[in-house]
Amino acid sequence: MKNKFIVNTAAFKKESSSKLDQAAQIHQAKELGFAAIEIRNELLDGSLEELERISQQAQAEQLEVYFSVGDVLFKDQHLNPAFEQYLEQMRNLGAQYLKMNLGNFSYSSAGAQFNDYLDGSFHLYLENNQTPNESDLQKTVAFFQQNTCPDISYCFDIANWEWLQADVYEAAKQLAPVTDYLHLKNFVYDNSKKKVTSLEKGILDWRRIIKIFTQVNQYGFEYYAEPDILQSDLELVQQCLS
């Protein structure tokens, strides 16, 4: 399958800014060479009008839409009550891809709670964020051992494992079989604190990590950078894959 390159709207949001008109970033995403844009739930204003505006703009630019929700699929070992709301937002965006974090999942009690929602109309990605109890490696492995539905797979964020105090290469080894989407970014230590960076400015060997994931065909860019850096990093990833 042809590789797909996706830009998360975090790429256009400066740290000092609390708001972002995500619809207004769609044209730039297209101009930079991306095939899809990943909309962030926390940057929406909550209105149906905004969702429809994003959908219409994406259709006009012929860009696919992914929907990133910074919330967990499971709370207290039960399906998150907001899951239906997120699905509705996803559909109003014209998206078929929803990304969340695993959360407090116990594979003995919660495994089948959401199966009725998996009707083939969308794909659910679980991703590791920077919060250990929401993205535990072993719980994630256990989840996928019990859930082999083709509508669920993993989005592996290559830098976030550093915040989870987990070895990225060990995590890659364990999760590669269920991963078809990589979130790309890097990190450095700034005054002893970890800071997200563009690919070439960080300390991770992102090329080595990419080569572990032979099943991946979707690559998301999730870090703020000037447009020329984003475009350069996109070209570097394309070269790495060629």
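The model shown here is predicted.

**View 1. N104 sits in the loop between strand 5 and strand 6.**
Leaving aside neighbours within four places in sequence, N104 is in contact with F74, D76, Q77, N133 and K139. I209 is 105 residues from N104 along the chain. The C-alpha atoms of N104 and I209 are separated by 27 Å.

**View 2. Strand 5 pairs with strand 3 and with strand 6.**
Strand 5 is mostly covered, with 7 of its 7 residues buried. Strand 3 and strand 5 run parallel and are joined by 5 bridges. Strand 5 also pairs with strand 6 in the parallel sense, over 4 bridges. Look for K99 in strand 5. S68 stands opposite K99. In strand 6, the bridge partner of K99 is Y125. In a regular strand, side chains alternate between the two faces of the sheet.

**View 3. R40 is a buried arginine in strand 2.**
Strand 2 covers residues 36-40. R40 counts as buried because its relative accessibility is 17%, and the cut-off for buried is under 20%. The side chain of R40 makes polar contacts with two glutamates. One joins it to the side chain of E42, at 2.7 Å. The other joins the side chains of R40 and E222, at 2.9 Å. Not counting residues up to four places away in sequence, R40 touches N8, T9, A10, Q22, S68 and E222.

**View 4. Helix 4 has buried residues that other elements cover.**
Helix 4 spans residues 137-146. Which of its residues are buried? They are L137, T140, V141, A142, F143 and F144. The cover over these buried residues includes strand 3, strand 5, strand 6, strand 7 and helix 5. An α-helix has 3.6 residues a turn, so residues three or four places apart point the same way. Now look at the start of helix 4. There, a side-chain oxygen of D136 reaches to within 3.2 Å of the backbone nitrogen of Q138.

**View 5. F156 belongs to the largest nonpolar core.**
This core has 75 residues. L98, F156 and F221 touch the most other members. What does F156 contact, leaving aside its neighbours within four places in sequence? The list is N128, W161, V168, A171, A172, L175, T179, Y181, L182, H183 and F213. A second, separate core of 7 residues includes Y66, Y125, C155 and Y181. In soluble globular proteins, nonpolar side chains tend to be buried together.

**View 6. V216 lies in the loop between helix 6 and strand 11.**
Helix 6 spans 206-212, and strand 11 spans 218-221. V216 is buried, because its relative accessible area is 6%. Where is Y181 relative to V216? The two residues are 35 residues apart in sequence and 5.5 Å apart in space, C-alpha to C-alpha. Leaving aside neighbours within four places in sequence, V216 is in contact with N3, T179, D180, Y181 and L182.

Methods
Residues are numbered from 1 along each chain as its sequence is written. This is a predicted model: local features need pLDDT of at least 70, side-chain atom pairs count only at pLDDT 80 or more; totals for chains, interfaces and linings use all residues. Side-chain values use heavy atoms; hydrogens and water are left out. Helices (H or I, at least four residues) and strands (E, at least two) are DSSP runs, numbered from the N terminus. Buried means under 20% relative accessible area, exposed over 50%, partly exposed in between (1.4 Å probe, protein chains only). A polar contact is a pair of N or O atoms within 3.5 Å; within protein, one must be able to donate a hydrogen and the other to accept it, and residues adjacent in sequence count only if both atoms are side-chain atoms. Contact means heavy atoms within 4.5 Å. Two strands pair if DSSP finds at least two bridges between them. A nonpolar core is a set of buried Ala, Val, Leu, Ile, Met, Phe, Trp, Tyr and Cys residues joined through side-chain atoms within 4.5 Å.
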